[in-house]
Each structure stands twice: as C-alpha cells, then as structure tokens.
Amino acid sequence: MRKLFTALLMLPGLFAAAQDPIFSQFYAMPLQINPGFAGSAFAPRMGAAYRNQWSGFSNAYRTYAVFYEQSLERLNSGIGFNFEGDNAGDGIYKTTRFSAVYAYRLNVTDNLALKLGVEAGMHQTNLNWAKLIFPDQIDPIGGIGTGTGEIQPDETTKAQLDISSGLLVLSDKFYFGAALKHLNTPSESILLVNDNLSRGLPLRYTIHGGTEIVVNKGNKLHAPSFISPNFLFVSQGPYRQLNVGAYAGLGPVIAGAWYRHTFKNADAAILMAGFRQGVFKMGISYDLTVSGLAGQSGGTYELSLGILFDKSEGLRKKKRRSDINDCIRMFQ
C-alpha cells in the first residue's frame, strides 16, 4: 500500500482535500460561482468554457463547463442547469458534476433585490486504473513493464448527491454575493484511508462583488461602454484565492485584467480579450504565472463562448423594465 500511496499522491481527491477548479473568466460561468445568478439576466442565456491549466505539463488539468439559465418573471424566479468536467493527469482522474439550479428574487425596493439560490445534482469521480504506473513496474534497464503487485479497488467510480446554496444582492449600482458549495460534503475518495475512513469534499466558501462605471450608455445602433471593478474570494479546505481586477465593455470589444493571490504566494496575472457581436460573446484569457512555477507551467489558457437571447422586441421591453439586471452586464 505504501507503493500505491506514492504513485497516487499527486492526484486530487484520493488522499488529500480536493479543490474545485475555478475559471479565470468566472463571469462566463456564473452558476459555477453562485446559484443565485439563475434568472439574473433579462433574457435566457447559455455559455461554455474550456480551461487548459499549466499547459507546459502535458495536459495536467483540463476543465470544461456548459450552462443554461433563464428568468421566470411571473414567479420572481430563475432556473438553470450546470455541467462541469475536470480531467487531471491526462485522463487518470476525472470529475463530473451536473446540477439543476433555482433562485428566488425578493424585491426590496425598486433598485434593490435579494436573490436566494439553491443547487442540487450529481458529483461523480472516476479513476482510470489502467493508466497508473507503480514503482514495481519500473525497471532501471528495461523501462516500464506491464505487471504490478498492486490490487485494483473494487470501485473506480463514485457518484453522490451534491447540494449548494447562494445569496446575491443586486442594485442599480453594485452587486454582491456569497455562496456555499458542497453543503453535504460528498465523498469523492476512490480509496479508503485512515482505517477505512474516506474524506468528504470540503465546503467551498465564495464571496464576490463589484460595481459598474458607465462610460457610454449606448443606443440601438451602438453597444454601451462600461468598466466593472470586481473581486472574487474563494476558500476551500486549505486552499484560498483572491482575484482582484476589472472587466471592460467598450462597444463590441471586451477586455479585462486581474491579479490572483493564493495567500501563500502570488499566483498569476490574468489578461482577457474578446468581442460581442449580436447575441454572441467570445473571450480568451491567459494566466501569466508569477509564482515559483513561472517558466515551467506554460501558463493557463481559457476560451469562453456565450449567447444572450435578447433580440426579440418583448425582451427589449423587459430589459427596459429591469434596470437592476443592467448593473451586471459583465455576466451577460
């Protein structure tokens, strides 16, 4: 078993507390950050994102996600669906999450609303035992052999219920939110440790917020221009990170810059650029590593695609009545 421990130590979720992947373009995957975002846009929207983390290490971590959400105006509610996959070690260890999201909006004043969101779904982990290489397979002369004395676990896939919640405050000048992921701390450990005691996925605490500075209100022919300073703080088990920066929409062009700090060390500078054309939005970002991995990791790339179905006249009228939602255009 000591050999097995050595071979698998670098894989998340087996022996150590795991950490959820967080997109640098977090605004492109709002339901991943806070279920309270369900129905916060004036029109239905959907999006997809792909993240290749530390590209210099040959597919160390790859993450992809897809979401859809819409408002149910007559019920003061919003619903959504979120799918996320994470691939570690070139397919050795995979995590898949699928969830349904519901949020209720409570209007405090004409310019202030509270949104309470809940999320429930499936959290699945999978270990590809055939891709593992153990010390007794390695021969200094002959190279890597095919046989090993290690015994494959009875189960290499585990699926469990995963529950989360969130609160979102919206006004015509700012937004602020807090969320708790994995309230039931589902176990994602394939192997049993500490006398057959498996470890649950740690709670993830998220706090985020920002404001919007209007540069140009725009019109029917020209998209508005604005700058949105914002922050994102995430804590999960021993891991913490703080993203601070700004997102800008300058007509059809979008851009952004953030600094990410992990409290133990400086982590990365994030640069993003993209465009908005009609109902479509696309962004590409690069994480420039500034930690001790600088020059080795190859940086991190992300691509995001979004669609906001806002072209009907009925939805335009709805938008004019929904000034609160206009303050979070960076999420649309």
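Are Arg-204 and Asp-20 buried or exposed? Both Arg-204 and Asp-20 are buried, where buried means under 20% relative accessible area, exposed over 50%, and partly exposed in between (1.4 Å probe, protein chains only). The model is predicted, so local features need pLDDT of at least 70 and side-chain atom pairs count only at pLDDT 80 or more, while totals for chains, interfaces and linings use all residues. Residues are numbered from 1 along each chain as its sequence is written, and side-chain values use heavy atoms, with hydrogens and water left out.

**View 1. Salt bridge between Arg-204 and Asp-20.** The side chains of Arg-204 and Asp-20 form a salt bridge at 3.2 Å, N to O; the term stands for a side-chain nitrogen of Lys or Arg within 4 Å of a carboxyl oxygen of Asp or Glu. Arg-204 lies in strand 10 (residues 204-211) and Asp-20 in the loop between helix 1 (2-8) and helix 2 (30-33), so the pair ties together parts that are 184 residues apart in sequence. Helices (H or I, at least four residues) and strands (E, at least two) are DSSP runs, numbered from the N terminus. The structure holds 11 salt bridges. Side chains of opposite charge can pair when their charged atoms come close.

**View 2. Salt bridge between Arg-45 and Glu-69.** The side chains meet at 2.1 Å, N to O. This pair links distant parts of the chain, with Arg-45 in strand 1 (residues 45-53) and Glu-69 in strand 2 (residues 61-72), 24 residues apart. Arg-45 has a relative accessible area of 3% and is therefore buried. Glu-69 also counts as buried, because its relative accessibility is 0%.

**View 3. Salt bridge between Asp-287 and Arg-260.** The N to O distance in this pair is 3.1 Å. Distant parts of the chain are linked here: Asp-287 belongs to strand 16 (residues 280-289) and Arg-260 to strand 14 (residues 253-261), 27 residues apart. Asp-287 and Arg-260 are both buried. A network of salt bridges links Arg-51, Arg-260, Asp-267, Asp-287 and Glu-302.

**View 4. The largest nonpolar core.** This core has 29 residues, and Phe-26, Tyr-27, Tyr-247, Trp-258, Met-330 and Phe-331 have the most contacts inside it. A nonpolar core is a set of buried Ala, Val, Leu, Ile, Met, Phe, Trp, Tyr and Cys residues joined through side-chain atoms within 4.5 Å. At least two residues of the core come from each of helix 2, strand 2, strand 4 (93-109), strand 8, strand 12 (225-236), strand 14 and strand 15 (266-277). Strand 12 supplies the largest share, 3 residues. Beyond its neighbours within four places in sequence, Phe-26 is in contact (heavy atoms within 4.5 Å) with Ile-33, Asn-230, Leu-232, Trp-258, Met-330 and Phe-331. Another core, of 7 residues, lies apart from the largest one and includes Ile-92, Tyr-93, Leu-132 and Phe-134.

**View 5. Ser-77 in strand 3 (residues 77-88).** Ser-77 is buried, with a relative accessible area of 3%. Its side chain makes a polar contact with the side chain of Tyr-102 at 2.7 Å. A polar contact is a pair of N or O atoms within 3.5 Å; within protein, one must be able to donate a hydrogen and the other to accept it, and residues adjacent in sequence count only if both atoms are side-chain atoms. Not counting residues up to four places away in sequence, Ser-77 touches Ser-71, Leu-72, Tyr-102, Ala-103 and Tyr-104.
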